[in-house]
Amino acid sequence: MNQPSVALLPGNAPPVVCGIGDHAVCLADALRDLGFPVRLYTRALPGVLESDTVSTPAPRLDDAGIAAFMAQIIADGVRVLHLQYEADTFENNGFALWRFAVAARKARMPLVTTFHALDGPRPWKRAHRLALIAGLVGSRDVIVCSKRQYNAVVRVPGLRTKTHLIPVGATIAKTGVR
């Protein structure tokens with residue numbers, strides 16, 4: 001595979017059972033069909049194998065893991081970072097999104113963030129929500145998966161023009177063997 005121009009970063013990838021990982025694989029395949037070199041960057045988890053199209057820089061999305069992910073993404077010459085953010089797959093760490101936004105900005109790399117289940121669990125604390133807002137503001141483009149999410153996000157000043165509604169859900173086929 002050529003040097004990737006797009007990094008797709010879901011928290012999980014097949015064979016881990018995860019609809020977001022399935023979505024990322026389908027999106028990567030569609031982008032490759034359009035001629036964009038894409039690589040999936042995901043956590044090093046049991047069963048997830050490295051290949052020309054999958055990289056597993058670290059097992060966690062803590063500070064050290066984020067540093068390892070960004071070092072690999074930058075070394076690979078990626079031009080656009082596209083996070084597939086969902087709290088569970090990012091280990092309920094809203095600050096991971098903020099840290100990726102800061103790192104992408106330092107690398108002069110546009111950040112696109114797709115929010116899966118942006119609504120979040122009730123236990124999210126104020127700091128988590130503020131980190132998510134910082135990630136929203138730090139993203140060049142924001143993709144949300146439901147009209148309810150869209151209506152909430154576009155109320156934040158400066159987000160209306162860069163927020164896009166693309167329904168994702170049951171229409172995504174499962175990939176790989178489970």
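The model is predicted; local features require pLDDT of at least 70, side-chain atom pairs count only at pLDDT 80 or more, and totals for chains, interfaces and linings use all residues. Residues are numbered from 1 along each chain as its sequence is written, and side-chain values use heavy atoms, with hydrogens and water left out.

The chain holds 5 helices and 7 strands. Helices (H or I, at least four residues) and strands (E, at least two) are DSSP runs, numbered from the N terminus. Along the sequence, their order is β-α-β-β-α-β-α-β-α-β-α-β. The chain has 178 residues, and 47% of them count as buried. Buried stands for under 20% relative accessible area, exposed for over 50%, and partly exposed for values in between (1.4 Å probe, protein chains only). The accessible surface of the chain is about 9000 Å². Carbon and sulfur atoms contribute 58% of that surface. Accessible areas were computed by the Shrake-Rupley method with a 1.4 Å probe; for residues, only the protein chains shown count as cover. Among contacts in the chain with a separation of 6 or more, 65% join residues 24 or more positions apart. Contact means heavy atoms within 4.5 Å.

Leu8 belongs to strand β1 (residues 6-10). Its relative accessibility is 0%, so Leu8 counts as buried. Beyond residues up to four places away in sequence, Leu8 touches Ala24, Leu27, Ala28, Val38, Arg39, Leu40, Tyr41, His82 and Gln84.

Two packed helices are described by the angle between their axes and the distance between the axes. Helix α2 (residues 63-75) packs with α3 at an angle of about 35 degrees. The two axes are 11 Å apart. Axes are lines fitted to C-alpha atoms, for helices over the stretch in contact, and angles run from 0 to 180 degrees between N-to-C directions. The crossing of α2 and α3 is right-handed. In this convention, a crossing is right-handed if the near helix is turned clockwise from the far one by less than a right angle, and left-handed if anticlockwise. On the α2 side, Asp63, Ile66, Phe69 and Met70 take part. They meet Ala96, Arg99, Phe100, Ala103 and Ala104 in α3.

A nonpolar surface patch is formed by Phe95, Trp98 and Val102. Together these residues have about 240 Å² of accessible area. Patches are made of residues with over 30% relative accessible area and no salt bridge; like charges are joined within 9 Å, and nonpolar side chains (Val, Leu, Ile, Met, Phe, Trp, Tyr) within 5 Å. Trp98 is part of helix α3 (residues 94-106). With a relative accessible area of 38%, Trp98 is partly exposed. Arg108 lies in the loop between α3 and β5 (111-115). Arg108 is not a glycine, yet its phi is positive, at about 55 degrees. Arg108 counts as exposed, at 78% relative accessibility.

Side chains of opposite charge can pair when their charged atoms come close. The count of salt bridges is 5. A salt bridge is a side-chain nitrogen of Lys or Arg within 4 Å of a carboxyl oxygen of Asp or Glu. One of them joins Asp29 and Arg32, at 3.1 Å from N to O. Both residues lie in helix α1 (residues 19-33), 3 residues apart, about one turn of the helix. Asp29 is partly exposed at 37% relative accessibility. Arg32 is also partly exposed, at 26%. Another salt bridge links Arg140 and Asp141, at 2.9 Å from N to O. Arg140 is partly exposed at 46% relative accessibility, whereas Asp141 counts as buried at 19%.

Arg60 also takes part in a salt bridge. Its partner is Asp62, and the closest N and O atoms are 4.0 Å apart. Arg60 sits in the loop between β3 (54-55) and α2. Arg60 is partly exposed, with a relative accessible area of 45%. The value for Asp62, likewise partly exposed, is 33%. Leaving aside neighbours within four places in sequence, Arg60 contacts Arg43, Gly65, Ile66, Phe69 and Glu91. Arg60 and Phe90 are 30 residues apart in sequence, with their C-alpha atoms 8.4 Å apart.
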